[in-house]
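Have the structure open and follow along.

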Amino acid sequence: MLITIKYFGQIAEVTQKEEEQLKVSKGSVSGLLNTLNTKYSDLKNKDFQIAQNQELVDLDTELTGAEIALLPPFAGG
């Protein structure tokens with residue numbers, strides 16, 4: 001399955017890109033995260049939330065969508 005991964009804020013700084021496409025086998029968000037942690041070792045040191053198709057998901061969520069976003073913490077005011 002081909003998915004688009006979007007990176008924002010400090011996560012984009014770590015990956016040096018705002019978006020990329022990866023071909024992954026079926027699995028969970030945690031499996032994708034393991035792949036990304038291998039590719040971008042500094043990602044392990046960052047806090048972020050994960051959204052699939054614009055909805056926040058947890059690590060046990062099955063990959064189903066065409067879009068994953070890694071969202072760093074943000075403050076509101």
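## Contacts and overall build

Among contacts in the protein chain with a separation of 6 or more, 50% come from residues 24 or more positions apart. Keep in mind that this is a predicted model. The chain holds 2 helices and 5 strands, and along the sequence they follow the pattern β-α-β-α-β-β-β.

How does the radius of gyration sit against that of a compact globule? For 77 residues, such a globule would come out near 11 Å, and the protein chain has 12 Å, so the two agree. Along its principal axes, the C-alpha trace spans about 35 × 25 × 20 Å. Buried residues account for 38% of the 77.

The strands make an open sheet of 5, in the order E2-E1-E5-E3-E4, and the pairing is mixed. E2 (19-23) and E4 stand at the edges with a single partner strand each, so one side of each has no neighbour in the sheet. Going from one strand to the next, the twist averages 30°.

Let's zoom in on E3 (residues 49-52). With E5 (residues 67-71), E3 pairs in the antiparallel sense over 4 bridges; here Gln-49 has Leu-71 of E5 as its bridge partner. E3 also pairs with E4 (residues 55-57), again in the antiparallel sense, over 3 bridges. In that pairing, Gln-52 is bridged to Glu-55 of E4.

## The helix across the sheet

Now for H2 (residues 29-39). This helix lies across E1 (2-7), E2, E3, E4 and E5, and runs at about 115° to E2.

Which residues of H2 are buried? They are Val-29, Leu-32, Leu-33, Leu-36 and Asn-37. Looking down the helix axis, these buried residues fall within an arc of 140°, so they line one face of H2. Their cover includes E1, E2, E3, E4 and E5. Over on the other side of the helix, Asn-34 and Thr-38 are exposed.

## Turns and positive phi

A few loop residues deserve a look for their backbone angles. As a rule, most residues other than glycine have a negative phi. E3 and E4 form a hairpin with 2 residues between them, and Asn-53 in the turn has a positive phi of about 50°. Gln-54 is in the loop between E3 and E4 too, and its phi, near 70°, is another positive value in a residue other than glycine. Is Gln-54 buried or exposed? Its relative accessibility is 71%, and exposed means over 50%, so Gln-54 counts as exposed.

Gln-16 is found elsewhere, in the loop between H1 (9-15) and E2. This residue, not a glycine, has a positive phi near 65°. With 68% relative accessibility, Gln-16 counts as exposed.

How values were computed
Residues are numbered from 1 along each chain as its sequence is written. This is a predicted model: local features need pLDDT of at least 70, side-chain atom pairs count only at pLDDT 80 or more; totals for chains, interfaces and linings use all residues. Side-chain values use heavy atoms; hydrogens and water are left out. Two strands pair if DSSP finds at least two bridges between them. Axes are lines fitted to C-alpha atoms, for helices over the stretch in contact, and angles run from 0 to 180 degrees between N-to-C directions. Contact means heavy atoms within 4.5 Å. The radius of gyration is taken over C-alpha atoms; the globule rule is 2.2 Å times the number of residues to the power 0.38. Buried means under 20% relative accessible area, exposed over 50%, partly exposed in between (1.4 Å probe, protein chains only). The arc is that of the directions from the helix axis to the C-beta atoms.
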